[in-house]
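Colleague: Can you walk me through this one? I have a few quick questions.
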2 protein chains.
Amino acid sequence: MSSTSSCLVTKLSHYVSLSQADCARLATLEKAERTFDAGHEVYQGGDENKDLYVVKHGWAFSYTDLPDGRRQIVKIHHPGDIIGFPDVALKHATTTLRTVEDVCLCPFPKSSLDEILRESPKLSALLLSIALRDQVVLIDVLRAMGRMSAQERVSYMLLDLISRLRITNPGMTDTIRLPMTQSQIADYLGLTNVYISKTFIRMEEDGYIHRDQNRLQILREDAMIELTDFHDRYADMDTSWFPQD
Amino acid sequence: MSSTSSCLVTKLSHYVSLSQADCARLATLEKAERTFDAGHEVYQGGDENKDLYVVKHGWAFSYTDLPDGRRQIVKIHHPGDIIGFPDVALKHATTTLRTVEDVCLCPFPKSSLDEILRESPKLSALLLSIALRDQVVLIDVLRAMGRMSAQERVSYMLLDLISRLRITNPGMTDTIRLPMTQSQIADYLGLTNVYISKTFIRMEEDGYIHRDQNRLQILREDAMIELTDFHDRYADMDTSWFPQD
DNA sequence: ACCATGCTTCCAACTGGATTGAATTCCGCC
DNA sequence: GGCGGAATTCAATCCAGTTGGAAGCATGGT
């Protein structure tokens with residue numbers, strides 16, 4: 001991540017070559033920046049949502065609570081991600097945003113999208129594609145939650161994480177830093193912290209993974225792909241139908 | 001549904017007033033039409049996806065299977081819906097489409113989107129908003145699957161269905177036609193047909209619903225909204241930031 | 001060095017929903 | 001009106017994951 005090219009540009013130009021003008025348009029989105037401590041709540045579900053955020057560094061996640069306290073983490077955000085995109089369709093934020101660790105975010109007003117849609121059909125197509133691709137990913141998560149066992153869900157989550165991280169870090173091997181607590185993982189996968197613990201231990205015994213501090217090594221990626229019928233939705237998008245500039 | 005205004009136009013102009021030109025653009029999407037028998041498989045996951053479909057009448061659903069046969073229904077389609085939208089981002093269809101009953105669909109090539117993005121910023125914004133709104137809905141489903149009991153999930157599903165149907169049928173009261181089998185409902189909610197049966201019976205005993213043939217009356221909508229902390233994502237979209245024509 | 005705090009692991013009892021198979025009802029169709 | 005296949009219901013049993021509590025481990029702050 002050099003200082004001249006932002007995470008966002010890195011991520012987006014992975015899919016399609018962007019004109020100078022489009023790069024400039026994106027760069028303005030990352031002008032401002034704010035930092036937050038670990039565990040900080042950036043905004044709450046129900047707040048009026050005027051801003052989107054680009055993640056510069058650090059992990060964060062969006063979640064919703066049921067009135068009785070049950071919690072569902074809905075999306076884990078990494079550097080280069082756009083946070084709050086789905087809420088653009090509505091007047092109020094539907095989820096709460098919390099940082100996992102110390103984080104740097106670049107807020108930009110949702111009205112910036114207006115300009116993009118008016119001036120750059122190509123960037124519009126890319127934004128639309130990303131929104132649609134994220135739907136496919138949510139559908140994959142849904143499938144995992146609806147029909148998979150605990151071990152399958154954990155495997156799916158790890159495969160998904162590593163696929164996403166590989167886009168912005170092409171040098172990545174089989175080891176990821178996993179700064180989330182087991183309770184957070186449980187809230188993401190619809191399980192309990194106790195059972196996540198048990199499942200991790202079993203997977204380590206069975207040689208699927210190896211853990212050391214908060215680093216996690218995936219030892220049998222192929223077996224896990226087979227187990228979960230995993231498809232990488234990040235590597236290949238179809239940009240063939242995009243309007244040319 | 002008069003012959004001059006399509007379901008799609010009805011649905012979309014619920015959110016924003018469309019110019020003549022935009023209406024015409026949408027109308028061309030519904031030029032062709034094909035009918036399918038109940039239970040027919042229209043396309044399969046993995047197929048190359050060149051077409052999208054607008055539903056003219058009848059219900060259908062999209063689903064994925066795991067290799068061992070477990071099934072997850074991912075989305076239920078009603079008249080006016082655009083089918084296959086998420087797959088636009090990818091080269092191949094990620095789900096299989098099956099009809100619930102006799103259905104009439106209007107196929108149109110995904111390259112039609114190119115024209116919309118180039119020529120109508122407003123329609124582009126609307127398509128983007130719908131994609132994003134659908135993400136929010138998927139997130140709601142995810143929350144239900146991850147953290148809700150069987151009865152809560154069934155309640156959520158019924159509330160979601162009736163909210164969606166009310167958009168195109170403003171005259172709707174508290175009774176809906178539910179042509180899906182209990183096995184299909186189970187595959188949608190991540191449960192089993194047996195437990196769906198039991199849950200329906202309990203909910204009828206407890207006075208939440210009343211069933212008669214395949215018609216279902218919602219007796220205590222408020223209680224069910226409270227139970228599931230339900231939010232209608234269909235009634236209010238934020239169109240304030242849209243580009244004007 | 002010490003405590004405070006938050007995370008992970010362990011244990012044992014419990015339960016919501018799964019599973020299986022058989023019985024029944026429903027419904028379209030000849 | 002009666003037949004056949006699908007959908008639903010019923011009953012018995014089982015199990016993956018929950019619950020709550022307590023014990024171990026890190027980590028950092030003072």
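Colleague: Which helices each supply at least two residues of the surface near DNA strand C?
Modeller: α7 (193-205) of chain A and α7 (193-205) of chain B. Helices here are DSSP runs (H or I, at least four residues), numbered from the N terminus. This is a predicted model, where local features need pLDDT of at least 70, side-chain atom pairs count only at pLDDT 80 or more, and totals for chains, interfaces and linings use all residues. Residues are numbered from 1 along each chain as its sequence is written, chains are lettered from A and ligands numbered from 1 in the order written, and side-chain values use heavy atoms, without hydrogens and water.

Colleague: Which gives the most?
Modeller: α7(A), with three residues.

Colleague: What touches the phosphate oxygens?
Modeller: Ser197(A) has a polar side-chain atom 3.0 Å from one, and a side-chain N or O atom of Thr192(B) also lies 3.0 Å from a phosphate oxygen. Ala150(B) uses a backbone N or O atom, at 3.1 Å. A polar contact here is a pair of N or O atoms within 3.5 Å.

Colleague: Changing topic, how are the two chains related?
Modeller: A rotation of 180° with 0.0 Å of shift along its axis superposes chain B on chain A, RMSD 0.0 Å, fitted by least squares on C-alpha atoms of residues with pLDDT of at least 70 in both. The copies are thus related as by a two-fold rotation axis.

How values were computed: A polar contact is a pair of N or O atoms within 3.5 Å; within protein, one must be able to donate a hydrogen and the other to accept it, and residues adjacent in sequence count only if both atoms are side-chain atoms.
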